[in-house]
Amino acid sequence: MNKISRVFLNVTTITILLLCSANVVAQNNVDQLTKQWLELDKSANELNQNWQQEKQQLTLRVSLLSHQNNNLREKINNTNTQKDLVNQQRQDILTKQTLIEQNVAQYRQALPNILDKLQLLISSLPPYLVKQISPELANATTQTELTGKYQAIANIVKQVAKNSELIHVKQGVIQLDDKKLLTKQLYFGHDQAWFITQDNSRAGLGFRRNKQWFWQEDTQYANNIRQAITHAQNQMPGPLLNLPTYLDANE
């Protein structure tokens, strides 16, 4: 072979070697890129799977937090409503307390006048009734509690009203002309009464005048008064009897 041919062969051989080397390098690069791609794809799949799991967990947590938030809001609303109710109830109680205090003040202010009128009324009642209501009168004047005072006053008023419609036969001492006499007495309500001694020696009537109670002797009616007392005691009807009366007994 001549020298030129030998050179050409060497060049060709080198070229082929270079191409083969380039192909090998290119193939290695492709394999490396493919491996990287597969790894990236695997990582992407793993990331996607992890994200789906985390997404479910996050969704669950959001749902739980939303539920808790709703519960808290409901509790807050209920608490506010209860506070409003408590405030309203407190205001109602304060209003009622104020009214009660005003009423108590009015009752305290009216009490002396009521007791004065009660004393005036009692002074005109029959002696038996005065004795009967004396304990309640003592309560009305000595009780420290306002309710106790008014309860005693109410009891007195009830007894007075009840006895105003009843007929009573009593036995006791009356004061007549500065003398004390043991008598039987017949009361018609608490405006009119009659009395007689045990021996029928003295008899007469009782009545209210100028808001005071008085006894007045009228012996000529002694028999009629005795009969009226007997019939009332026995609760038996009897004949009509003529009894003395005081025309202004209701004064």
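**View 1. Surroundings of lysine 149.** Lysine 149 is in contact (heavy atoms within 4.5 Å) with Leu111, Asn139, Ala140, Thr141, Thr142 and Gln143, leaving aside its neighbours within four places in sequence. The model is predicted: local features need pLDDT of at least 70, side-chain atom pairs count only at pLDDT 80 or more, and totals for chains, interfaces and linings use all residues. Residues are numbered from 1 along each chain as its sequence is written, and side-chain values use heavy atoms, with hydrogens and water left out. Lysine 149 belongs to helix H3, residues 146-163; helices (H or I, at least four residues) and strands (E, at least two) are DSSP runs numbered from the N terminus.

View 2. Lysine 149 is buried but has no salt bridge. Buried means under 20% relative accessible area, with a 1.4 Å probe and protein chains only; a salt bridge is a side-chain nitrogen of Lys or Arg within 4 Å of a carboxyl oxygen of Asp or Glu. Glutamate 145, the nearest side chain of opposite charge, is 9.9 Å away; Lys and Arg count as positive and Asp and Glu as negative, while His and the chain ends are not counted. A polar atom of the lysine 149 side chain lies 2.6 Å from the backbone oxygen of glutamine 143.

**View 3. The five-stranded sheet.** Five strands form an open sheet in the order E1-E2-E3-E4-E5, with antiparallel pairing. Strands E1 (167-176) and E5 (212-217) stand at the edges, each with a single partner strand, so one side of each is left without a neighbour in the sheet. From one strand to the next, the twist averages 30 degrees. Two strands pair if DSSP finds at least two bridges between them.

View 4. Strand E4 (residues 203-209) runs antiparallel to E5, and six bridges join the two. Glycine 206 stands opposite tryptophan 215 in E5, and leucine 205 stands opposite glutamine 216 in E5. The hairpin has two residues between its strands, and asparagine 210 in the turn has a positive phi of about 50 degrees.

**View 5. Histidine 190 in its loop.** Histidine 190 is placed in the loop between strand E2 (179-188) and strand E3 (192-197). Histidine 190 counts as buried because its relative accessibility is 8%. Not counting residues up to four places away in sequence, histidine 190 touches several residues, among them Ser124, Leu125, Pro126, Arg208 and Trp213. The backbone oxygen of valine 160 lies 3.2 Å from a polar atom of the histidine 190 side chain. Phenylalanine 207 is 17 residues apart from histidine 190 along the chain, and their C-alpha atoms are separated by 8.3 Å.

Technical notes
Buried means under 20% relative accessible area, exposed over 50%, partly exposed in between (1.4 Å probe, protein chains only). A polar contact is a pair of N or O atoms within 3.5 Å; within protein, one must be able to donate a hydrogen and the other to accept it, and residues adjacent in sequence count only if both atoms are side-chain atoms. Axes are lines fitted to C-alpha atoms, for helices over the stretch in contact, and angles run from 0 to 180 degrees between N-to-C directions.
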